[in-house]
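Subject: Structure handover

Hello,

Here is the structure I promised to pass on. Please open it next to this email while you read.

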Protein chains: 2
Amino acid sequence: MKALIIGVGNIGKQLLKMARFEKVYAFDKYRRSYIPDVQWLEEFHVPEDVDTVVECASQKAVKEYSSQILKSSVNYLIVSTSAFADRTFRELFFEELKRSPARVFFPSGAIGGLDLISAIRDTVEQVIIETKKHPRSLDVSVEGETTVFEGSVEEAAKLFPRNINIASTVGLVVGFERVKVIIKSDSSLSHNVHNIRVFSSIGTYEFRIENLPSPENPKTSMVTVYSILKTIESLDSKIVFE
Amino acid sequence: MKALIIGVGNIGKQLLKMARFEKVYAFDKYRRSYIPDVQWLEEFHVPEDVDTVVECASQKAVKEYSSQILKSSVNYLIVSTSAFADRTFRELFFEELKRSPARVFFPSGAIGGLDLISAIRDTVEQVIIETKKHPRSLDVSVEGETTVFEGSVEEAAKLFPRNINIASTVGLVVGFERVKVIIKSDSSLSHNVHNIRVFSSIGTYEFRIENLPSPENPKTSMVTVYSILKTIESLDSKIVFE
């Protein structure tokens, strides 16, 4: 696999450390550090020999580079799905994808259960995603447990832009109009808790996710890194769990 | 896609109705019914033009036909994963897979969260799968809520062979020795409830699954059918959620 990694923050660095690439390019608008065997790009472009592009930079990067990436015949893994909470960008992206030779992959990221939600998407009536974080992580100052937001993914994207990758990924699967976001601040929490409830005509499902913070960067959990690695591996693996 | 469906019970029938195949063969040792456009095989074999084989028959079928299927260059989707609770068969299968041109897919079936469990499998310490069913579904006669089994997947496979596809799939992902099965009988239940708790060094996860019975066959839920359809579609889809 010949890969291009966009964004070399905590997730990108871990990927470069843990994944086995035949050849790997990296692009980061703001940072660059010495990592063995990595070829850094000065300007953003998709080198001709690249077959897999992994975005783990920011929703801004998704919006800025997707048009260019969709011109190439690559597997394109998108982590910063919050970009898709913007309806104008979303419609443009899927319009371009129709004429694109690329395949797009949304790794499940920090959550689980996307396998089931994606399989039964046509039967889903509503998904309620409740995220509980320490007030520090939400830039609010309230004591105890307080609901700080309740509403649509699009509204949440404006008020809490760094906290809606999960809701956006679910929105992409079942339709944004079917997703309700609840954000709670809880000063007693040591880590984030996500609770995803799925109401469908064929059953009800609840996924509770408590990711411990990564020792190197408390803002990211290792689960996102593992989820990208799984998607990369399954691209040419002999055994696939879906 | 040119497919071979093994087993035309409730799941197989729904698949033949809902999936879009370019060409489709079916094999069932015991049943045959008229379904438009389906070519029935008299004897089991993998026709030369088939690119995708879907097993939705029984663990016996998995054990009987896998060797033959693994000789072909096909995508092989296995639903009756309980076959793998048998260690002798399991070791043989994965030995044969090493030399096989086939790719094997385990659809998430009746559960969700396999995406996350599979991504973080190296960090998993234990998975506890608690299944609650009506005593009728377990062939036991006890009142109220009673624990009827607690132990390993292998033991469960001997006592409750029709109830361990979920535990076997999870066992295949994290290793059978890390999975504990609890089976409870509850005469007040109208549908099955599965609770999967995952203990890992990077977080804890809980997936609660309540599948309503399919109107055509109360023993199967539609979620399994949708999960197979999703895997089939993702084989050549432009957008993949993992």
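Below is what was found, starting with how the two chains are related.

First, a caution: this is a predicted model.

**The two copies**

Chain B can be laid on chain A with an RMSD of 0.0 Å.

**The interface**

The contact draws 55 residues from chain A and 55 residues from chain B. Together the chains bury about 4500 Å². Carbon and sulfur atoms account for 54% of that area. On the chain B side, B:K238, B:F241 and B:E242 lose the most area to chain A. Those residues together make up 19% of what that side buries.

Polar links are there too. The rule finds 30 residue pairs in polar contact across the interface, both partners being at pLDDT 80 or more. Which parts of chain B each supply at least two residues to the side that touches chain A?

- Helices: helix 3 (87-98), helix 4 (114-119), helix 7 (165-174) and helix 8 (222-234).
- Strands: strand 6 (103-106), strand 11 (203-211) and strand 12 (239-241).

Strand 11 of chain B gives the most to this side, with nine residues. By type, the residues of chain B that touch chain A divide into 27 nonpolar, 15 polar and 13 charged.

**Strand pairing across the chains**

Strand 6 of chain A (residues 103-106) pairs with strand 12 of chain B. The sense is parallel, over three bridges. To find the spot, look for A:F105, which stands opposite B:V240 in strand 12 of chain B.

**Salt bridges**

Over all chains, the count comes to 35 salt bridges. Between chain B and chain A there are two. One of these joins A:E233 to B:R121, with the closest N and O atoms 3.5 Å apart.

Within chain A, the side chains of A:E145 and A:K132 also meet in a salt bridge, at 3.5 Å from N to O. A:E145 lies in strand 8 (residues 145-151) and A:K132 in strand 7 (residues 124-133) of chain A, so the pair ties together parts that are 13 residues apart in sequence.

Best wishes

Technical notes:
Residues are numbered from 1 along each chain as its sequence is written. Chains are lettered from A and ligands numbered from 1 in the order in which they are written. This is a predicted model: local features need pLDDT of at least 70, side-chain atom pairs count only at pLDDT 80 or more; totals for chains, interfaces and linings use all residues. Side-chain values use heavy atoms; hydrogens and water are left out. Contact means heavy atoms within 4.5 Å. Buried area is the accessible area (1.4 Å probe) that two parts lose on being put together, summed over both. A salt bridge is a side-chain nitrogen of Lys or Arg within 4 Å of a carboxyl oxygen of Asp or Glu. A polar contact is a pair of N or O atoms within 3.5 Å; within protein, one must be able to donate a hydrogen and the other to accept it, and residues adjacent in sequence count only if both atoms are side-chain atoms. Helices (H or I, at least four residues) and strands (E, at least two) are DSSP runs, numbered from the N terminus. Ala, Val, Leu, Ile, Met, Phe, Trp, Tyr, Cys and Pro count as nonpolar, Asp, Glu, Lys and Arg as charged, and the others, Gly among them, as polar. Two strands pair if DSSP finds at least two bridges between them. Copies are superposed by least squares on the C-alpha atoms of residues with pLDDT of at least 70 in both.
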